[in-house]
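Hi everyone, thanks for coming.

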Amino acid sequence: MKYYLAPLEGITTYIYRRAYHQHFAPMDKYFTPFLVPHTKKGFSTKEKNDVMPEHSPGMNLVPQIMSNQAESFLHTVEKLKVYGYEEVNLNLVCPSKTVVSKGRGSGFLADPDGLDRFLDEIFKKCDVKISIKTRIGKDDPEEFARLLDIYNQYPVEELIIHPRVQKDFYKNQPNLGAFHDAVEESKIPLCYNGDIFTPESYEEMKREFPKVDTFMLGRGILMNPALLDLIRMREKTDVKKTTDIDVTEWKKEETLRKMQSADRYKKEIHAFLEQIKCDYLEVGMGEKNTLFKLKELWAYMGQNAPEAKKALKRIRKSQSMADYDSASREALEDFILF
C-alpha cells in the first residue's frame, strides 16, 4: 500500500511536512500546497522555501500547480525543473469560491472542452511526469464520465480522486459510486482521497475498493497526526488476529498495546507541535503569527479532544506562548487516538 499527504493551503507547509516526517510514519509522497503561476522570473520567497529540496530532506515531494493556462503551467514547470523535480501535480480540486470564479481548481471542471485543450498542450510540451488531483465535477456527479474520458486520453502519471463536486466543498458524503466507476473505467493508476479520519474508515475504503492500493490522507492527518502510524499498526495486528487461535488472549494484548501506544503517541504529538513552533519562530514568523499557525492546527486536532473544551478554549484565546503551551499540554491529556 502507498500513502500520500494531501496539500492544504497555508497548513502543510515545508515546516509542517518536515516535522511530520520526523515524528510519524513517513508518507510515500508529499505534495506542496498549490503554486499559482505568475509573471515573476523566479518564485517568491514563500514559494521558494516550500519547494527547495533541502527543506524537505528524505521526502518524495511533488509540487502542485493550479492553472487554467497552458503557457503559465509550462513556465512554472520549467522553474521547478531547476530544483530537480521530475513530477508535478495539477490541482483540479480546490473548491474555494475565489479560485473557482477564475476558472481554476475545481472551477476548471466546468469547462471540459477547455480542459481537454489545456491537457493536450501541456502533455505535448512537458517533459516531466504530470499527475492530476480532481473532483468529480463542479455541480453534478454526472459530469465525471466526460471528465474521466478526457483524462484517459493522456499519459497521466496518476489520478487522485476526491469524489465530491465543487459545490459540496467538504460536506456531504464522498460519492463512492463515482469512484467505483473510475476503478472500472480508468486507464490511469488511481489514488483515493476523502474522509479517511480513523483506521476503521480506512479499512472500510480498503474493503470497498480492494483493487486500489494508494490512499491520500489530508484532514484526517491534521486531526490526528499519528493516523498513518495507527493504520499500519492495525494492519500488523489484524494479520496476527487472523493467525492467532486464542482470540481472548489477542484481545488482552490489543488492549495493552493501545494503552502503551496512546501514551507514546501523545508524547510524539507534543514533540511534533514543539518542533513546528520552534521552526516557525526560528524563521522569523514571530510569536503572534506562530500562535495563529498553532491555533489553526488545534482547530483540527481539537476534534479528537471533545472532552478538553476548557483547554481548547484557552488555546483559542491565548495571547502568549506561555498561555498556549500550558493549554496545549492540558488538551493533549484528553486527546483521543483510538
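This is a predicted model: local features need pLDDT of at least 70, side-chain atom pairs count only at pLDDT 80 or more; totals for chains, interfaces and linings use all residues.

Residues are numbered from 1 along each chain as its sequence is written, and side-chain values use heavy atoms, with hydrogens and water left out.

Let's start with the domains. The chain is assigned domain 1 (2-236) and domain 2 (247-334), with bounds that come from an automatic or database domain assignment. Their centres, taken over C-alpha atoms, are 27 Å apart. Across the boundary, 22 residues of domain 1 are in contact with 20 residues of domain 2, contact being heavy atoms within 4.5 Å.

Now the sheet. It is open, has nine strands in the order 3-2-1-9-8-7-6-5-4, and pairs in parallel. Strands here are DSSP runs of E with at least two residues, helices are runs of H or I with at least four, and both are numbered from the N terminus. Two strands pair if DSSP finds at least two bridges between them.

Which strands stand at the edges? They are strand 3 (61-62) and strand 4 (64-65), each with a single partner strand, so one side of each has no neighbour in the sheet. Strand 3 pairs with strand 2 (residues 29-31) over two bridges, and there Tyr30 sits opposite Leu61.

On to the pockets. A pocket is an open set of points on a 1 Å grid over the protein atoms alone, where a 1.4 Å probe fits and protein lies on both sides within 12 Å along at least five of seven lines; lining residues have an atom within 4 Å of a point. Volume is the space filled by probe spheres set on the points, which are joined across faces, edges and corners.

The largest pocket has a volume of about 520 Å³. It is lined by 27 residues, and Pro7, Leu8, Glu9, Pro95 and Tyr170 are the closest to its centre.

The second largest pocket holds about 440 Å³. Among its 19 lining residues, Thr13, Lys46, Glu47, Asn49 and Asp50 lie nearest the centre. Helix 2 (45-51) and helix 1 (14-23) each supply at least two lining residues, and helix 2 gives the most, with five.

So where does this second pocket lie? Both domains give residues to its lining, so it lies between them.
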